[in-house]
Amino acid sequence: MDKILIVDDNLDVCQALSLMLELNGYKSHCVQSPEMALDAIEKHEFSLVIQDMNFTRDTTSGEEGRELFHALRECRPGIPIILLTAWTELEMAVELMKAGAADYLGKPWDDAKLLTSIGNLISLHKLSRENGELKRQKAERTAVIHEANLCGLVFGSTAMERCVDLALQLAKSDVSVLITGPNGAGKDRLADILHANSPLKDKPFIKVNVGALPMELMEAELFGAEAGAFTGATKSRIGRFEAANGGTLFLDEIGNLPLSGQVKLLRVLQTGEFERLGSHQTRKCKVRVLSATNADLRQDIQTGRFREDLFYRLNVVELALPPLCERRDDVLPLVQHFTRGRALDASAKAALLAHSWPGNVRELENACKRADILARGEMLSAVDFGLMPTQTPQPAVNQSGISSNEAHHNEPFNTLLPESEPVNTAPNRSEIEAAITAHNGVIARVAKSFGLSRQALYRRMEKFGIEVKSSKAEG
């Protein structure tokens, strides 16, 4: 319940305001002097202040009210303050409103008007505080990411920023992390970040692509083998768990591990114990396990291909990496990285943003290598990337969150747009900039290409901080 501070030397006024507020769902705290008001605001949390302008010194000048207002502002800079007085000086009212007073009402007041003002001001104050907190959190997240070892990762999307932020939080612990996402999206790079920013960063970091290991050699690779354990094993060899002892082991494509290997993996995760293939000697190791898969392990559990108990051992926290088509703001930064900053013409930008990239970052990197090799000029075109030129970039699909339990943080485009703008015409910043370049800055043509009115496009541009010369605005 919101609590309101009332400052007035007239007890009847205090009682009347308190009764009105309490009948409408507010708590109140009354004091009769500026000194008592300053003491109260230091000790208690208030949502709003209603203060008189005249106290004991005189009854009409408003000087005491002015002094109290500025003192309250100094103690609580953002708190809404409603000035209430029977003696209204227009000049002082204007001065204090400019200084941040929320409202200035005369006595006797109108209950309905005062309650409306109180409700609106408290709502705005809460929203302002929430926005300030979000900005503070974003600034802190950006600072942490800027100072971290990102292992060469390049990104520009909010979805990827959140993914990296979660990875950096997880890096501080020793819990098992399951990285999920499609092939080519960059799961191995997230594993690099998890290790490079962990307390184990100076310890061994061993990577195993489980999907690339022959089935018959998989257990020997993971747990080691004694001489003669299988054909061709002429000497003892240590496994990847032993090699990673004290550090981190990354098991890529964990969904391809056979059930027999899953049993042994579950044991070593639970107890730290294992045996080499062909040996009965129990060995111990302490390893942080990171794993990754593009498979639906929950579905594999239903079909009996993956153990449920192992899944929950590996998946203490899931780090879900969205496909590139859901983070299109990463596309152009990645292209600049892969092409070492080569210039792109309008057709290239539009085509790169329009393409769905089913092969994700790996496909994009290969397209950039092709462009580097085949381009005849300094500026790269859509054809150089093996893409068909297009003048109308397709709108980006909604960005997903970093994991299933955090998806609600990413608002769909239709919650960000006025009702007059359809969901399927919500271009992101990169698409708008590419279209502006393609249409030589003629806003009327850019708006038409997206099926938007100029006003709707201007709202999008203002949201992203995009400016364009007014001489071309109308086409």
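Student: How many bridges join strand β3 to strand β4, and do they run parallel or antiparallel?

Tutor: Keep in mind that this is a predicted model. Four bridges join β3 (residues 48-52) to β4 (residues 81-85), and the two strands run parallel. To see one of those pairings, find D52: its bridge partner in β4 is L84.

Student: What is the order of the strands in the open sheet?

Tutor: Read across the sheet, strand by strand. Here five strands line up as β2-β1-β3-β4-β5, with parallel pairing. At the edges sit β2 (27-31) and β5 (103-106), each pairing on one side only. On average, neighbouring strands of this sheet are turned by 20° against each other, ignoring direction.

Student: Which strands does helix α1 touch?

Tutor: Helix α1 (residues 11-23) packs on the sheet and touches β1 (3-7), β2, β3 and β4. Its direction makes about 170° with that of β2. Helix α3 (residues 63-75) packs on the sheet too, touching β1, β3 and β4, and its direction makes about 160° with that of β3.

Student: What does the side chain of T248 make a polar contact with?

Tutor: The side chain of H195, at 2.9 Å. Leaving out residues up to four places away in sequence, T248 touches H195, L200, P204, F205, I206, V287, R288 and L290.

How values were computed: Residues numbered from 1 in each chain as written. Predicted model: local features only at pLDDT ≥ 70, side-chain atom pairs only at ≥ 80, totals over all residues. Heavy atoms only, no water. Polar contact = N/O pair within 3.5 Å; in protein donor to acceptor, adjacent residues only side chain to side chain. Contact = heavy atoms within 4.5 Å. Pairing = 2+ DSSP bridges. Axes fitted to C-alpha atoms, helices over the stretch in contact; angles between N-to-C directions.
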